[in-house]
Amino acid sequence: MVRNAYTVGQINAYIKNMFTQDYMLSRIYVKGEVSNCKYHTSGHIYFSLKDESGTIACVMFAGQRGGLAFRMSNGQQVVVFGSVNIYERSGTYQLYAREIRLDGEGVLFERFQALKQELEEMGMFSAEYKKPVPRFARRVGVVTAPTGAAVRDIMNIARRRNPYVQLILYPAQVQGEGAKESIVLGIERLACEDIDVMIVGRGGGSIEDLWAFNEEEVARAIFNCPVPVISAVGHETDTTIADFVADLRAPTPSAAAELAVFDYRQTQERCRQYRQRLGSLLEGKVQFTRMRLKGYESKLGFLHPGNKLKENRMRLAELEDRLRGRMKERIRTSRQRLEIYIERINGLSPLKKLNQGYAYVQDESGHALKSIRQAEEGKKICVHVTDGVIYARTEQVKEEHYG
Amino acid sequence: MANQTLEELFEGLETVIGTMEQPEVSLEESFQLYHRGMELLKSCNNRLDKIEKKMLVLDDEGEMHEFEE
């Protein structure tokens, strides 16, 4: 007999220790179909998970019931999160469940969240890594399925906006087994084809259909792509990891085509406007310069000596006119004064005085007879009246005292 | 100018027009700027490809051929 035999307890404890130390087994997701499901009165739930190959015993203790949000029943496909360990009493291992979810959306969402957080922490979504999408791309790469709405939408929009842009399609498998590899290959292949921008996407579908765009490999391929990538997955409400890591997120494949393909007519119109602006600016400048020239011309003409001469001549004529005017005026006023003098002289004439019965008396020799002392009796005198002379003789001289 | 993108050419045009709009720019400069603007426009025109394209498909052998729906 072998001497060093272990007890059952020792073996079970040893194996339990192995399980406990195993990192993977202590936090594990297991998926399978529910069978033998029993809700115990204690609150614990006992059940098994099975698939084609076999079964595993599971237990969820009453204290963990918070991790189960639905009534579990046989036949359901579930994913159980928990740890695998030994139940020493029976020497069997079982899965100690902490969370149970129905397989499908829930689990995928969890994976989505986990990967999103991981990549975000690595900085793969940060703005500093985003490459600007060129506004005037000439060659546009497209990674999507060769059939379906997405490729048709992209083609139609591109043709409408600008039929002169070259689209290059990598016909990728966008869902199911091998989809992520196909998408990654497409991104890498097209990046070598001298394209300006790349659209990566697909039309709408269930979360499972879109899943390839939540795979880390695809996210990394987009992140590492030297060409700017526009993501275009599903409808507006669908958001995938690819959308976060892409340089630009388009809500739909049609929108991606709008972003990647510039509008030809609009661009031509812009060129036309530039041409017009340039033309009118130059014309304006020429006109302005011409006006300035005209201004200088007239200023210069003004300063011409001929002009000065003409001006002087005019001034001379004017002065002459003034001189003549003054002269005429002077003659007129002189004549007037003369007439006034004549008038006055007339008034002062002695002959006038004779009018009123006075006479002017002279002696023989023509002297004015003013006093009796000049007169002798019998002497001849001349008496001047208005219309002639009376020759007379002095009769008598008698002195009188007047006043 | 030949290897500039349309975007860069448009930026160039904006600068030329902006300068021409300055009132102190001389007539000679204006002519030069106009000339440069016209050259930029010509490059834009050359950049605007006018050959209609069919979508191409890149197959797994790295060959390109026309896409048929």
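Predicted model: local features only at pLDDT ≥ 70, side-chain atom pairs only at ≥ 80, totals over all residues.
Q: How many residues of chain B are in contact with chain A?
A: 26 residues of chain B are in contact with 29 residues of chain A. Two residues are in contact if their C-beta atoms, placed from the backbone, lie within 7 Å.

Q: Which elements of chain B give two or more residues to that side?
A: They are helix H1 (6-20), helix H2 (27-47) and strand E1 (56-58) of chain B. Helices (H or I, at least four residues) and strands (E, at least two) are DSSP runs, numbered from the N terminus.

Q: Which one gives the most?
A: H2(B) does, with 8 residues.

Q: What is the make-up of that side by class?
A: The side of chain B that touches chain A has 16 nonpolar, 4 polar and 6 charged residues. Here Ala, Val, Leu, Ile, Met, Phe, Trp, Tyr, Cys and Pro count as nonpolar, Asp, Glu, Lys and Arg as charged, and the others, Gly among them, as polar.

Q: Which strand of chain A is joined to E1(B), and is the run parallel or antiparallel?
A: Strand E7 (residues 166-171) of chain A is joined to E1(B) by 2 bridges, and the two run parallel. Two strands pair if DSSP finds at least two bridges between them. Within E1(B), B:Val57 stands opposite A:Leu169.

Q: Turning to the open sheet of 3 strands, what is its order?
A: The order is E11-E12-E13 in chain A, with antiparallel pairing. Strand E11 (360-363) and strand E13 (388-393) of chain A are the edge strands, as each pairs on one side only.

Q: How many bridges link E11(A) and E12(A)?
A: There are 4 bridges between them, and A:Val361 stands opposite A:Val383 in E12(A).

Q: And how many for E12(A) with E13(A)?
A: Strand E12 (residues 380-385) of chain A pairs with E13(A) over 6 bridges in the antiparallel sense. A:Ile381 has A:Ala392 as its bridge partner in E13(A), and A:His384 stands opposite A:Val389. E12(A) and E13(A) form a hairpin with 2 residues between them.

Notes. Residues numbered from 1 in each chain as written. Chains lettered and ligands numbered in written order.
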